[in-house]
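Me: Hi! Could we go through the structure below together, one question at a time?

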Amino acid sequence: QVEVSAPIAEPEPLVQFHYNLMDRVGFIRKPAVTPVGDIDRAIKEREMISTNDQVYIRPPDSQTTLNLSPGQRLTVFRMLSPTPARNSRKVIGTQHYLLGVVEIITNESQYAIGKIIRNYREINPGDPLMAYEAFSEDIDVTESTPGIEGTIIAAEEQSKLIGDHVVGFIDKGLVDNIRPGQIYSIYTQNSVGRRPVAAKPVEIGTCIVLRAEETTSTIYITKALDQIEPGERIRTP
């Protein structure tokens with residue numbers, strides 16, 4: 001007597017989205033991150049602080065001492081107010097604009113000395129520091145959450161027009177089951193005619209989620225079929 005077993009299902013191939021600038025992808029969070037220190041100035045005065053420069057680090061305004069360790073890495077960032085979408089007064093949160101990475105050399109309690117090991121954007125005295133997080137450049141593409149309807153808040157660089165290969169933010173996050181690797185459609189909807197009627201939504205692009213916060217997410221525009229502006233709508237494909 002021979003038993004016939006069911007064939008073993010082949011695992012589906014893993015699809016990944018590669019983005020080699022993940023280490024500089026910022027986010028919007030409410031409340032904002034509490035800094036662990038601030039850049040005071042470069043040890044050698046320069047017009048611009050950049051890679052390999054050594055810097056003095058001072059405690060944040062809420063502290064008198066630093067609790068940092070040699071070899072510890074911190075992200076240099078800047079807090080910005082995201083430009084609100086048109087006709088919106090909603091306070092979304094604080095944009096965290098990532099500038100670079102500093103590695104602690106010594107800590108003297110009331111100040112520390114660090115070395116800039118990565119420089120993404122211009123770093124200035126007074127820029128705050130937060131814990132460093134490493135992110136993989138390869139993101140597993142995953143199924144999008146059904147029924148999502150959201151809005152593009154702004155572009156990371158705060159430009160008024162958003163096109164292909166631009167990083168931006170949406171007003172949906174972890175609480176809405178948004179996860180990195182999900183893909184969403186970007187669409188616009190207008191009124192038509194002398195007696196205006198609502199036209200059908202028109203897809204003008206697609207985006208993929210790079211990182212997700214509680215109530216917002218950072219996206220990357222993978223395709224733009226027309227001009228995209230803050231305030232455009234996103235939805236599940």
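Reply: Happy to. A salt bridge here is a side-chain nitrogen of Lys or Arg within 4 Å of a carboxyl oxygen of Asp or Glu. This is a predicted model, where local features need pLDDT of at least 70, side-chain atom pairs count only at pLDDT 80 or more, and totals for chains, interfaces and linings use all residues. Residues are numbered from 1 along each chain as its sequence is written, and side-chain values use heavy atoms, with hydrogens and water left out.

Me: How many salt bridges does a search of the whole structure find?
Reply: The search covers the whole structure. With the 4 Å cut-off in hand, the number found is 12.

Me: Which glutamate meets arginine 29 in a salt bridge, and how many residues apart in sequence are the parts that the pair ties together?
Reply: The side chain of arginine 29 meets that of glutamate 213, at 2.6 Å from N to O. For the element names, strands (E, at least two residues) and helices (H or I, at least four) are DSSP runs numbered from the N terminus. Arginine 29 lies in strand β2 (residues 27-29), while glutamate 213 sits in the loop between β15 (202-212) and β16 (217-224), so the parts tied together are 184 residues apart.

Me: Which strand holds arginine 233, which meets glutamate 149 in a salt bridge?
Reply: The side chains of arginine 233 and glutamate 149 meet at 3.5 Å, N to O. Arginine 233 is partly exposed at 30%, and glutamate 149 is partly exposed at 35%. Glutamate 149 lies in β10, and the pair ties together parts 84 residues apart in sequence, with arginine 233 in strand β17 (residues 233-235).

Me: Which residues make the nonpolar surface patch?
Reply: Patches are made of residues with over 30% relative accessible area and no salt bridge; like charges are joined within 9 Å, and nonpolar side chains (Val, Leu, Ile, Met, Phe, Trp, Tyr) within 5 Å. Areas come from the Shrake-Rupley method with a 1.4 Å probe, and for residues only the protein chains shown count as cover. Isoleucine 183, in strand β12 (residues 183-188), is partly exposed at 34%. The patch covers about 210 Å² and is made by Val15, Val141 and Ile183.

Me: Which strand does β2 join through 3 bridges?
Reply: Two strands pair if DSSP finds at least two bridges between them. Arginine 29 stands opposite threonine 94. The two strands run antiparallel, and the partner of β2 is strand β6 (residues 94-107).

Me: How many bridges join β6 to β7?
Reply: On another pairing of β6, strand β5 (residues 73-80) joins in the antiparallel sense over 8 bridges, with methionine 79 opposite histidine 96. Valine 101 has arginine 118 in β7 as its bridge partner. Strands β6 and β7 run antiparallel, and the number of bridges joining them is 7.

Me: What phi does serine 109 take in the hairpin of β6 and β7?
Reply: The hairpin has 4 residues between the strands. Serine 109 takes a positive phi, near 75°.

Me: What is the phi of histidine 165?
Reply: Histidine 165 is found in the loop between β10 and β11 and counts as exposed at 55% relative accessibility. Asparagine 177 also has a positive phi, near 65°; this residue lies in the loop between β11 and β12 and is partly exposed at 45%. Histidine 165 is not a glycine, yet its phi is positive, at about 65°.

Me: Which residue does a cis peptide bond join to lysine 30?
Reply: The omega of this bond is about 0°. The residue in question lies in the loop between β2 and β3 (37-42), and its name is proline 31.

How values were computed: Buried < 20%, exposed > 50% of the residue type's maximum accessible area, 1.4 Å probe, protein only.
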